[in-house]
Amino acid sequence: MSVRVLLVDDEPLIRAGLRAIIDSEDGLSVAGEAADGAEVPGLVARLRPDVVLMDVRMPAVDGIRATTHLMSTVESPPKVIVVTTFENDDYVYDALRAGASGFLLKRARPEEIVAAIRTVLAGESLLFPAAIRRLAAHQTPSPRGDGLAGAGLTEREREVLRLMAGGLSNVEIAGELYLGVQTVKTHVGNVLAKLGARDRTQAVIRAYDSGFVTPAG
């Protein structure tokens, strides 16, 4: 089945460029378009996209508010990738906090856009971990140092979460810890459940915000 993508951007040229890239790729198709975040709830309900490429800054309802609404009102929301002009945009980190699974720069190459869609759908690795680390460096973490102390993570799960934040995929974590890939998937699932996170991006954001891991390492 083709992966259905909803494009949300107030610039028609950006939408046209993204459509051309996505529709030319096997297994991907554009399900619809919107010029503002206000249109997103209705389109998601009607079109049921797998992924939403969402401009983070729009005139009426921006990508943060639209993402927050999706995550809080849709039972099985699509993956959201926010699209931004500037990598160090604080709006991006706020969108990740709101539930977005990753972000893309508007100047990204076609192959990077396609890879980003496939990466967030697979959920096996973090999208652009170094960029997320740089964004986290501009935030103020929990003063407690480890705000996840009450989450009930085992020592192994804490190790896995640190490696997730470092950008390692499940296969890479398995190699690092000398575990089977299926065992790592189980640990990742436990981490997500205990943190109440939808995906590994949300778990990593929680780790940074809590002070469990720091951008410095």
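How are H7 and H10 oriented to each other? They are roughly perpendicular to each other, a label that covers angles of 65 to 115 degrees, with under 35 counted as roughly parallel, over 145 as roughly antiparallel and the rest as oblique.

This is a predicted model, in which local features need pLDDT of at least 70 and side-chain atom pairs count only at pLDDT 80 or more, while totals for chains, interfaces and linings use all residues. Residues are numbered from 1 along each chain as its sequence is written, and side-chain values use heavy atoms, with hydrogens and water left out.

## Helix packing

Helix H7 spans residues 155-165 and helix H10 spans residues 200-210. Helices (H or I, at least four residues) and strands (E, at least two) are DSSP runs, numbered from the N terminus. H7 and H10 pack at an angle of about 100°, and their axes are 9 Å apart. Axes are lines fitted to C-alpha atoms, for helices over the stretch in contact; angles run from 0 to 180 degrees between N-to-C directions. On the H7 side, Leu161, Met164 and Ala165 make the contact (heavy atoms within 4.5 Å). Their partners in H10 are Arg200, Ala203, Val204, Ala207 and Tyr208. By class, the contact of H7 with H10 has 7 nonpolar, no polar and 1 charged residues. Here Ala, Val, Leu, Ile, Met, Phe, Trp, Tyr, Cys and Pro count as nonpolar, Asp, Glu, Lys and Arg as charged, and the others, Gly among them, as polar.

H1 and H5 also form a pair, at an angle of about 70° with axes 10 Å apart. That makes H1 roughly perpendicular to H5. Leu18, Ile21 and Ile22 in H1 meet Pro110, Ile113, Val114 and Ile117 in H5. This contact has 7 nonpolar, no polar and no charged residues.

UniProt, in an unreviewed entry, places the feature "domain: Response regulatory" at residues 4-121. UniProt positions are given in the numbering used here, feature names are shortened, and annotations may be inferred rather than shown by experiment. Over residues 4-121 the chain is 44% helix and 23% strand. The end C-alpha atoms of this stretch are 11 Å apart.

Arginine 15 sits in helix H1, residues 12-23. Is arginine 15 buried or exposed? Arginine 15 is buried, at a relative accessible area of 14%. Buried means under 20% relative accessible area, exposed over 50%, and partly exposed in between (1.4 Å probe, protein chains only). Neighbours within four places in sequence aside, arginine 15 is in contact with Leu7, Asp9, Asp10, Glu33, Ala34 and Ala35.

## Salt bridges

How many salt bridges does a search of the whole structure find? The search finds 14. A salt bridge is a side-chain nitrogen of Lys or Arg within 4 Å of a carboxyl oxygen of Asp or Glu.

Glutamate 11 lies in the loop between strand E1 (3-8) and H1, and lysine 106 in the loop between strand E5 (102-105) and helix H5 (110-122), so the pair ties together parts that are 95 residues apart in sequence. Glutamate 11 is partly exposed at 38% relative accessibility. Lysine 106 is partly exposed at 23%.

Aspartate 23 and arginine 19 both lie in helix H1, 4 residues apart, about one turn of the helix. Aspartate 23 is partly exposed at 40%, and arginine 19 is partly exposed at 30%.

Arginine 109 is partly exposed at 46% relative accessibility. Glutamate 111 is partly exposed at 47%. Salt bridges that share partners join Asp9, Glu11, Asp55 and Lys106 into one network.

## Positive phi

Arginine 48 is not a glycine, yet its phi is positive, about 50°. Arginine 48 is in the loop between helix H2 (40-47) and strand E3 (51-55). Its relative accessible area is 44%, partly exposed.

Tyrosine 178 is another residue other than glycine with a positive phi, near 55°. Tyrosine 178 is in the loop between helix H8 (170-177) and helix H9 (181-195). Tyrosine 178 is exposed, with a relative accessible area of 76%.
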